[in-house]
Amino acid sequence: PTKQAIFDAVLADQLARTRAAFAEEGVMFEPSEDPAGYAGAYDETERRVLAGFRYFFEDEQMIRLRCLLLISQFDDARALAAFREIFLDRPREIQAAVFAHLMENGRFGEDDPRALALAFYGPVFLLMMSSMPWAEAEPLVRDHMRRFYAEHAIEGGERV
């Protein structure tokens with residue numbers, strides 16, 4: 001009945017689609033979900049992380065939503081809140097939960113998980129906001145992840 005109702009329905013539908021796609025890939029959708037799937041073998045962790053990011057780069061509806069929210073955030077407080085939740089706050093909170101879990105399990109050296117999340121997600125966010133195609137972004141994200149992991153992971157009490 002209103003533009004706001006349409007906006008709310010589009011947003012709810014996209015979040016439901018994202019939740020389903022993430023569940024299919026074993027990717028965390030909420031910071032409260034169990035991060036144990038990210039604490040196993042590096043290859044599996046990398047697969048999950050890349051699958052989550054790939055969705056934001058390749059899903060046409062998510063790309064349209066990102067563009068809509070990016071433009072609308074300057075005139076609409078609800079669009080700003082949605083943009084921040086989907087593209088800034090939730091990803092960093094999920095990553096902070098994963099890093100905290102890795103620290104608790106002796107896989108990462110002690111540090112501030114929120115600071116690590118910001119350091120990890122910042123470059124990916126910049127690539128996403130540049131509208132870079134996943135085919136170009138993926139090798140950059142993969143390399144960033146490997147370097148980040150090598151810098152923070154520990155084995156036998158020492159950094160890798």
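Buried means a relative accessible area under 20%, and Glu46, at 6% relative accessibility, therefore counts as buried. The legends below describe close-up views of a predicted model.

Figure 1. Glu46 lies in helix 2, which comprises residues 42-58. Its relative accessibility of 6% places Glu46 among the buried residues. Apart from residues up to four places away in sequence, Glu46 touches Arg142, Met145 and Arg146.

**Figure 2. Helix 2 and its surroundings.** Helix 2 has 17 residues, and its first and last C-alpha atoms are 23 Å apart, close to the 24 Å expected at 1.5 Å a residue. The helix is mostly covered, with 12 of its 17 residues buried. The buried residues are Tyr42, Thr45, Glu46, Arg48, Val49, Leu50, Ala51, Gly52, Phe53, Tyr55, Phe56 and Phe57. Their cover includes helix 1, helix 3, helix 4, helix 5 and helix 6.

**Figure 3. The crossing of helix 2 and helix 6.** The axes of helix 2 and helix 6 come within 10 Å and cross at roughly 145°. This crossing is right-handed. On the helix 2 side, the residues that meet helix 6 are Tyr42, Thr45, Glu46, Val49, Leu50, Phe53, Arg54, Phe57 and Glu58. Helix 6 contributes Trp134, Ala137, Glu138, Val141, Arg142, Met145, Arg146 and Tyr149 to the contact.

**Figure 4. The largest nonpolar core.** The largest nonpolar core has 48 residues. Those with the most contacts inside this core are Phe53, Phe56, Leu69, Ile86, Phe87, Phe99 and Phe108. At least two core residues are supplied by each of helix 1 (3-25), helix 2, helix 3 (60-72), helix 4 (77-104), helix 5 (113-129) and helix 6. Helix 4 provides the largest share, 12 residues. Phe99 touches Phe108, Pro113, Leu116, Ala117, Phe120 and Phe148, not counting residues up to four places away in sequence.

Figure 5. Phe120 is situated in helix 5, and with a relative accessible area of 5% it is buried. Not counting residues up to four places away in sequence, Phe120 touches Val49, Phe53, Gln95, Phe99, His144, Met145 and Phe148. The C-alpha atoms of Phe120 and Ala96 are separated by 9.7 Å, with the two residues 24 places apart along the chain. Gln95 belongs to helix 4 and counts as buried at 11% relative accessibility. When neighbours within four places in sequence are set aside, Gln95 is in contact with Phe53, Ala117, Phe120 and Tyr121.

**Figure 6. Ala79 of helix 4.** Ala79 is a residue of helix 4, buried with a relative accessible area of 0%. Its contacts, leaving aside neighbours within four places in sequence, are with Phe7, Leu69, Ser72 and Gln73. Ala79 and Asp8 are 71 residues apart along the chain, and their C-alpha atoms are separated by 9.9 Å.

Figure 7. Leu126 is located in helix 5 and, at 60% relative accessibility, counts as exposed. From Leu126 to Asp43 the C-alpha distance is 24 Å, and the two residues are 83 apart in sequence. Ser131 is placed in the loop between helix 5 and helix 6, and its relative accessible area of 48% makes it partly exposed. Most residues other than glycine have a negative phi. Ser131 has a positive phi of about 65° although it is not a glycine.

Technical notes:
Residues numbered from 1 in each chain as written. Predicted model: local features only at pLDDT ≥ 70, side-chain atom pairs only at ≥ 80, totals over all residues. Heavy atoms only, no water. Helix = DSSP H or I, 4+ residues; strand = E, 2+ residues; numbered from the N terminus. Buried < 20%, exposed > 50% of the residue type's maximum accessible area, 1.4 Å probe, protein only. Contact = heavy atoms within 4.5 Å. Core = buried A, V, L, I, M, F, W, Y, C linked by side-chain atoms within 4.5 Å. Axes fitted to C-alpha atoms, helices over the stretch in contact; angles between N-to-C directions. Left-handed = near helix turned anticlockwise from the far one by under 90°. Expected span 1.5 Å × (residues − 1).
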